[in-house]
Amino acid sequence: MIREPAVRVAILTFDGFNELDSFIAAGILNRMRGLGWEACIAAPTTEVTSMNGVTIRRQEPLEFAAEADAVLIGSGIRTREVASDPEVMARIALDPTRQLIGAQCSGTLLLARLGLIGALPACTDLTTKPWVIEAGIEVLDAPFVAHLNVATAGGCLASVYLAAWTIARLASLEDAEAAIHYVAPVGEKAAYVDRALGVIAPFVKRSLAA
């Protein structure tokens, strides 16, 4: 008998994707496999090629996002094209009342176009910032922000914060600490853990109090 994963995470990945966004998040989240988690690359096509020419095969179709417990949207050099493609956007069905939803850098633009940010401030990278502002979103000078079940992050390495937030919300802060401790550089583990938990913990505690 095949057991269903306890927690399923979709990492939405499009042509022109930033490898750091998709792969770092997937690597950290799959540290939770021992507890039944599964983080998968979900894409609109069978294969997608990164901004640096790395071609990968998707693990799940884009529609997997509707079934997942959490969805993280990475960035890439073709995100504006994705945001302007009604057929692709129609395939992304997200529900913040029952899912955790996070976006990084230009992925924030997709959340804005999907109407999942509203009037709330968000984080993104410097390149995408003008496009997100153009979409009517206030952009914070911060690496991470979460409003209940929706989070945004800015900067490639902020994928660590999105992954840690997802683990802390769906498991515990202790599990997030263990996952970050494992991937952090030797000799700097305590500093990396303190920084990551310092960024996400206030938002995790706020969501629990809501």
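Predicted model: local features only at pLDDT ≥ 70, side-chain atom pairs only at ≥ 80, totals over all residues.

Residues are numbered from 1 along each chain as its sequence is written, and side-chain values use heavy atoms, with hydrogens and water left out.

Okay, the overall picture. The protein has eight helices and nine strands; these are DSSP runs numbered from the N terminus, with helices being H or I of at least four residues and strands E of at least two. Its radius of gyration is 16 Å, close to the 17 Å that the globule rule gives for 210 residues, so the protein is as compact as a globular protein of that length. That radius is taken over C-alpha atoms, and the rule is 2.2 Å times the number of residues to the power 0.38. If you like boxes, the C-alpha atoms fill one of roughly 45 × 40 × 35 Å along the principal axes.

How much of the protein is buried? Buried residues are 50% of the 210, where buried means under 20% relative accessible area, exposed means over 50%, and partly exposed is in between, using a 1.4 Å probe and protein chains only. As for contacts, meaning heavy atoms within 4.5 Å, take those with a separation of 6 or more: 65% of them are between residues 24 or more positions apart.

Now helix α1, residues 19-29. At its start, a side-chain oxygen of Asn18 comes to within 2.9 Å of the backbone nitrogen of Leu20. That is a polar contact: a pair of N or O atoms within 3.5 Å, where within protein one must be able to donate a hydrogen and the other to accept it, and sequence neighbours count only if both atoms are side-chain atoms. The buried residues of α1 include Glu19, Asp21, Ser22, Ala25 and Leu29. What do the buried residues pack against? The list is β1, β2, β6, β7, α6 and α7.

Thr13 is buried, at a relative accessible area of 0%. Its side chain reaches the backbone oxygen of Ile11 at 3.1 Å. Leaving out residues up to four places away in sequence, Thr13 touches Ser22, Ile41, Ala42, Ala43, Pro44 and Val48.

Over in helix α6 we have Ser159, also with a relative accessible area of 0%. A polar atom of the Ser159 side chain is 3.1 Å from the backbone oxygen of Cys156.

Cys105 is not a glycine, yet its phi is positive, about 50°; Cys105 is in the loop between β7 and α4. Leu148 has a positive phi too, near 55°, in the loop between β8 and β9. Which of these is buried and which exposed? Cys105 counts as buried, at 3% relative accessibility, whereas Leu148 is exposed at 53%.

That's my tour, thanks.
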